[in-house]
Amino acid sequence: MTTSSTQPKTKSRVSLIGVPTDVGASHRGGSMGPEALRVAGLEQALRSLGHEVFDRGNLAGPVNPMSVSKEGYRHLEETAVWCEHARDAIYNSLNAGDIPVMLGGDHSLAIGSIAAVSRFCREKKKRLVVFWLDAHADFNTPDSSPSGNIHGMPVAVACGHGHSRLLSIGEVTPMIDPSHVIQIGIRSVDAIEKIKVVQSGVTVYDMRQVDEIGMRSIVDKAIQFASRPDTHLHVSFDVDFLDPAIAPGVATTVLGGPNYREAQLVMEMIHDSGLMRSLDVVELNPAFDVHNRTAELAVELVESLFGKQILSRNPVKDFV
Ligand SMILES: [Mn+2]
């Protein structure tokens, strides 16, 4: 009768922006992430949901020098340059009226994407809210990070803590009010980082809370906080958010993450809120993957974020 069960309520213009680098990570391989998502059919999947999709190709930037940490930061300048390139591409895409989807690359790049969204929201008088889906709080600073890898620091930087070179990627400090950051799925936090993230005012729904009250009520609370007509919701999806049993293709797996249905539920509920205006898909590492299946799962979850559903949620309305 109808194919409306796979059609989103609103059609969007979506820009895919590849940022192939792993300068902020401990392991090499995240730089292959954008291509793995393309091989898994991301563009076609979004198109078949009715969206207009533009693959903007990959940004270019410094090679990974694989050097050691200096004064608490590894690859500070290289990471900053990549973040600036990501920031500029994402900002232009937002101004063109598109929903930018940043294909990472490691999670340090979220310093760039949040800088872009932060500037855009200030100019358009929007209220920025970030949902951070991750196994890690990514709230390290040099005194709390054992490694100096900047992919463990982007939330701290966005909230105003970190090297001036990284803070300067944003137009203002902090780039976001910490109380507007909601983290879900957290299960690995370094000792000093724990204190900092709690003090910062970031809302953290860790896996214990997922166990105790369930994914549905957590996402309900998050959406309730975000729900205002002037909200721009940025979703930063670190693939290590997922349980390693279903997502082996990341370098920093942590046991005890959301299972397949919990992950789908998060994405479907975010879509139904109608609030998402920008997205990061980061930390996919094809060097650790098995037959690209983590990339394929990431594509499925992005489809859900953009409106794919098992059944119509509103059969009466959709079927007439
Ligand atoms: Mn992360």
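Two strands pair if DSSP finds at least two bridges between them; strands (E, at least two residues) and helices (H or I, at least four) are DSSP runs, numbered from the N terminus. The model is predicted, and local features need pLDDT of at least 70, side-chain atom pairs count only at pLDDT 80 or more, and totals for chains, interfaces and linings use all residues. Residues are numbered from 1 along each chain as its sequence is written.

**View 1. The open sheet of eight strands.** Pairing is parallel, in the order β2-β1-β3-β8-β7-β4-β5-β6. Strands β2 (52–58) and β6 (203–206) form the edges, each pairing on one side only. From one strand to the next, the twist averages 15°, with angles running from 0 to 180 degrees between N-to-C directions and axes being lines fitted to C-alpha atoms, for helices over the stretch in contact.

**View 2. The pairing of β1 with β2.** Five bridges join strand β1 (residues 13–19) to β2 in the parallel sense. Gly18 stands opposite Asn58 of β2.

**View 3. The packing of helices α10 and α11.** Helix α10 (residues 260–273) packs against helix α11 (residues 293–305) at an angle of about 30°, and their axes are 7 Å apart. The two helices, α10 and α11, are therefore roughly parallel (angles under 35 degrees). Ala263, Gln264, Met267, Glu268, Ile270 and His271 of α10 meet Leu301, Ser304 and Leu305 of α11, contact requiring C-beta atoms, placed from the backbone, within 7 Å.

Notes: Angles under 35 degrees count as roughly parallel, over 145 as roughly antiparallel, 65 to 115 as roughly perpendicular and the rest as oblique. Two residues are in contact if their C-beta atoms, placed from the backbone, lie within 7 Å.
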